[in-house]
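Take a look at the chain below.

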Amino acid sequence: MDKTIAPDLAANPNDMSIQKFIKPFIFFGLIVNLSQAQEKNSYNFDFGSGKVVKGYTQVLPDDAYSKEKGFGFDFDSKVEGINYDGKNRLTSDLVKSNKPFYFSVSVPEGNYKIKVTLGDPKVAMLSTVKAESRRLMLENVKTRAGQSITKTFIVNIKDKHIAGGQVVSLKPRELNKLDWDDKLTLEFDHQTALQALEITKVEDQITVFLAGNSTVVNQDDEPWASWGQMIPRFFKPGVAIANHAESGLTLGTFLGSKRLAKILSVMKPGDYLFIEFGHNDQKDKGPNDGAYKSYTERLKTFISEVKKKGGIPVVVTSTSRRSFGADGKIVNSLGDFPDAARKVAAEEKVALIDLNAMTSVLFNALGEEPSKKAFVHYPANSYPGQDKALADNTHFNPYGAYEIAKCMILGIKEQQLGIAKYLVNDLPKFDPAKPDDPANLHWPESPKSSVLKPDGN
């Protein structure tokens, strides 16, 4: 704007009306340019007490997070700093711990490419990395003594604000969730040696939005888990998973709390919306409620609104409950809702991932008693404050959530969705009829746990 307007003013120095009209726009342009220059889109951190690499910010073990500083170790994390005085400034010093630790950075909403450099010059290490509310990003990364590995993944950061001054109506239980705060938090588990961290805001990712209930949401606390927080582990950069699900919601309450409006406000053409509801919708008993009435109508609304934005809707049938019949086989406890979802997908000519069918096969393959290992079934005193046994046949533990995420990946491949090309190179083969051994999932538990059942059943 400045380059095109300035010559006109020079040619008409006495035309005060033009100057009065133009000056506010010049001033506004300067303000916009200044704010854009001040907005920080990349953050580089060099961990340890050694010499700092140019362009990186040094992070020492006692650098605790504060809002004023904008970065640091969070939630009373304790790490050890080590400096080996090697030639490579970035990898010869580090911080490490054999207990979970958190590192947070204050960032605005968006998708972020995360590069972590892991390893110890003297000791073999093992790392698992989670983001925000226990989203699995990296699983069992092994480094030999003297080996450094850089891994890259994408984390979506969201806030509750919607264009036009609206906000998402959060439940009280969400107010303290890491998914909804004003920072990006990474959790490092197992025995992690962290050498460097690069965080860069990126605009070129396909965003896969998730709409659903407690079987989809990122659960904050052990031992609860859902497939939505496991699925990021299976994607390379190119895809960002933005999980907007919440426990206890129906299609109607997802709409009413402005969560679909939030998704649509940031959705780009070519982004996806995966829609899984049914568990709570079947409890709506109004005259217009039911699988073939309000549920069908609202599901079609989700699909049409996403299409208007140039997005790609995907219908997902509800996960089966652990409901075994007298013959020792899973029985359908969701009524007509899975069938209604299938019919809507067919009528609207959109992709369908039949998670209800796949999870029924999965739980039958596990068997009635062994299938408890996929759900929150734990004897008393398994977790702090748990004086009674937990026996929940709807909500999953990390193993169950991990297996169902694999079902989702299978569905993505079978439906030949475009995002399938971004699946990780080491993607394991999976057949719901041949589930993985629960003993083979090495899930390092996060520090926070809760005996409170998530909303919905």
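Is E109 buried, partly exposed or exposed? E109 is partly exposed, with a relative accessible area of 24%. Here buried means under 20% relative accessible area, exposed means over 50%, and partly exposed lies in between, using a 1.4 Å probe and protein chains only.

A word on the source. This is a predicted model, in which local features need pLDDT of at least 70, side-chain atom pairs count only at pLDDT 80 or more, and totals for chains, interfaces and linings use all residues. Residues are numbered from 1 along each chain as its sequence is written, and side-chain values use heavy atoms, with hydrogens and water left out.

**Salt bridges**

Side chains of opposite charge can pair when their charged atoms come close. A salt bridge is counted when a side-chain nitrogen of Lys or Arg is within 4 Å of a carboxyl oxygen of Asp or Glu. By this rule the count comes to 23 salt bridges.

| Lys | Partner | Closest N and O atoms |
|---|---|---|
| K262 | E109 | 2.6 Å |
| K448 | D221 | 3.5 Å |
| K308 | E305 | 3.0 Å |

Start with K262 and E109, whose closest N and O atoms are 2.6 Å apart. K262 sits in helix α5 (residues 259-266), while E109 is in the loop between β6 (101-105) and β7 (110-118), so the pair ties together parts that are 153 residues apart in sequence. Helices (H or I, at least four residues) and strands (E, at least two) are DSSP runs, numbered from the N terminus. K262 has 1% relative accessibility, so K262 counts as buried. The pair also belongs to a network: E109, D159 and K262 are linked by salt bridges.

Next come D221 and K448, with closest N and O atoms 3.5 Å apart. This pair links distant parts of the chain: D221 lies in the loop between β14 and α3, K448 in the segment after α9 (398-414), and they are 227 residues apart. D221 is buried at a relative accessible area of 19%. K448, at 45%, counts as partly exposed.

E305 and K308 both lie in helix α6 (residues 291-308). They are 3 residues apart, about one turn of the helix. E305 is partly exposed at 24% relative accessibility, and K308 is exposed at 65%.

**Backbone details**

Which peptide bond is cis, with omega near 0 degrees? The bond from E222 to P223 is cis. P223 is placed in the loop between β14 (206-212) and α3 (227-230).

Now move to the loop between β8 (125-131) and β9 (135-143), where E132 lies. E132 has a positive phi of about 55 degrees, although it is not a glycine. R134 lies in the loop between β8 and β9. R134 has a positive phi of about 60 degrees, and it is not a glycine. E132 is buried, with 2% relative accessibility. R134 counts as buried at 2%.

**Helix α8**

How far apart are the end C-alpha atoms of helix α8 (residues 355-366)? They are 16 Å apart. The expected span of a helix is 1.5 Å times one less than its number of residues. The 12 residues of α8 should therefore span 16 Å, which agrees. Buried residues in α8 include L355, M358, L362 and F363. G367 follows α8 and has a positive phi, near 100 degrees.
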